[in-house]
Amino acid sequence: MAPHQGRDPIQAPRLYRELAEWYPLLTPVEDYAEGAAFYRSLFETHGRRPPRTLLDLGSGAGHNAAHLKATLACTLVDLAPAMLALSRRLNPECEHAQGDMRSIRLGRVFDCVLLHDAVSYMATRADLASAIATAYEHTAPGGVALFQPDFIAETFEPDTEMGGSDANGRGMRYLEWRWIPEEGQEMYLTDMAYLLRDEKGNAETFHDRHVMGLFPRALWLNVMAGAGFHPLAVPFLHHSYSDTGHEVFLGLRPLPGEGA
Ligand SMILES: C[S@@+](CC[C@H](N)C(=O)[O-])C[C@H]1O[C@@H](n2cnc3c(N)ncnc32)[C@H](O)[C@@H]1O
């Protein structure tokens with residue numbers, strides 16, 4: 001059996017566990033400002049209630065929340081304790097909870113619900129449906145849930161990227177290699193190579209495999225509608241994504257008596 005088969009759909013990558021302290025060098029918080037401003041504008045435009053509260057499911061290091069918390073009271077949920085620790089440091093004024101986006105129930109609703117790139121870790125249709133149901137349960141009537149998978153079936157291209165940054169005497173560089181191990185599997189792999197350099201100049205390398213879901217656009221929209229949302233897809237307006245066809249999915253929760 002190939003290593004990706006018979007998999008646990010959620011295998012926590014090392015980046016979110018023992019390497020979490022390096023995460024802010026891989027993807028610095030400043031890089032999230034433009035995306036967060038766009039998400040805020042979508043919440044304002046499509047919501048039918050003033051956007052005051054936000055639930056971020058799969059909030060990671062809280063890099064989106066860092067740019068949203070000035071106007072939204074943010075509640076941040078993530079599976080990984082090490083990522084929550086980073087976010088608590090960056091966003092001490094926000095509420096944090098450990099939980100799984102497929103199953104957590106906080107027992108209250110929010111004006112805005114965000115499932116950013118973490119939703120890409122939903123590697124089966126069942127997991128995707130569970131995460132979307134969680135979003136619906138936590139979206140207030142008239143509120144908006146926003147989903148931003150890294151890729152859908154129509155936008156995926158096998159590719160490599162590299163990047164990284166330095167801060168406080170440390171540095172990280174990475175090579176990201178995205179590929180589909182088997183056509184028709186509705187998943188892809190992101191193999192990451194990290195090169196980490198500490199304050200003393202010592203360097204280490206690590207390999208980390210991320211298992212990601214890859215679903216067609218129509219499936220996303222159908223699952224959102226099945227959960228009770230009125231589904232919408234809008235172009236992702238961001239300088240890095242112009243002309244790429246990337247979209248953001250919005251789930252509008254109907255007001256009582258409207259139906260989906
Ligand atoms: C790329 S990071 C998210 C970064 C985030 N967008 C930010 O603003 O910092 C992906 C996160 O998804 C989380 N994650 C993966 N599967 C999850 C699940 N089932 N429930 C909750 N969080 C999950 C990981 O622990 C990780 O922190």
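Two residues are in contact if their C-beta atoms, placed from the backbone, lie within 7 Å. I begin with that criterion, as it returns throughout this talk.

The structure above is a predicted model, in which local features need pLDDT of at least 70, side-chain atom pairs count only at pLDDT 80 or more, and totals for chains, interfaces and linings use all residues. Residues are numbered from 1 along each chain as its sequence is written.

Let me turn to the overall fold. The chain holds six helices and 11 strands; helices (H or I, at least four residues) and strands (E, at least two) are DSSP runs, numbered from the N terminus. The radius of gyration of the chain, taken over C-alpha atoms, is 18 Å, close to the 18 Å that the globule rule gives for 260 residues, so the chain is as compact as a globular protein of that length. The globule rule is 2.2 Å times the number of residues to the power 0.38. The C-alpha trace spans about 60 × 45 × 35 Å along its principal axes.

Burial is defined by counting other C-beta atoms, placed from the backbone, within 10 Å of a residue's own: 20 or more is buried, 12 or fewer is exposed, and in between is partly exposed. On that scale, 37% of the 260 residues in the chain are buried. Of the contacts with a separation of 6 or more, 65% join residues 24 or more positions apart.

Next, the domains. The assignment, which is automatic or taken from a database, gives domain 1 as 14-153 + 215-252 and domain 2 as 159-213. Their centres, taken over C-alpha atoms, are separated by 22 Å. Domain 1 brings 15 residues to the contact between them, and domain 2 brings 16 residues. On the side of domain 1 that touches domain 2 there are 11 nonpolar, two polar and two charged residues. Here Ala, Val, Leu, Ile, Met, Phe, Trp, Tyr, Cys and Pro count as nonpolar, Asp, Glu, Lys and Arg as charged, and the others, Gly among them, as polar.

I come now to helix α6, residues 217-227. Which residues of α6 are buried? They are Trp-220, Val-223, Met-224 and Ala-227. These four cover an arc of only 100° around the axis, which puts them on the same side of α6; the arc is that of the directions from the helix axis to the C-beta atoms. The elements covering these buried residues include α5 (125-138), β10 (230-235) and β11 (247-252). Just after α6, Gly-228 takes a positive phi of about 120°.

Two further residues deserve attention for their backbone angles. Most residues other than glycine have a negative phi. Asn-168, although not a glycine, has a positive phi of about 50°. Asn-168 sits in the loop between β6 (159-167) and β7 (170-179), and it counts as exposed because it has 7 C-beta neighbours inside 10 Å. Glu-186, also not a glycine, has a positive phi of about 55°. The loop between β7 and β8 (187-197) holds Glu-186, which is partly exposed, with 16 other C-beta atoms within 10 Å.

Is Leu-55 buried or exposed? Leu-55 is buried, since 29 other C-beta atoms lie within 10 Å. Beyond its neighbours within four places in sequence, Leu-55 is in contact with Thr-75, Val-77, Phe-110, Val-113 and His-138. By C-alpha atoms, Leu-55 is separated by 24 Å from His-210, which is 155 residues apart from it along the chain.

Finally, the ligand. A residue is near a molecule if its C-beta atom, placed from the backbone, lies within 6 Å of it. The ligand is surrounded by 21 residues, of which the closest are Gly-60, His-63, Ala-80, Met-101 and Ala-118. By class, this shell has 10 nonpolar, seven polar and four charged residues.

His-63 lies in the loop between β1 and α3 (65-68). His-63 is buried, with 24 other C-beta atoms within 10 Å. Leaving aside neighbours within four places in sequence, His-63 is in contact with Thr-27, Val-29 and Tyr-32. By way of contrast, Asp-31, in the loop between α1 (23-26) and α2 (33-46), counts as exposed, with 12 C-beta neighbours inside 10 Å.
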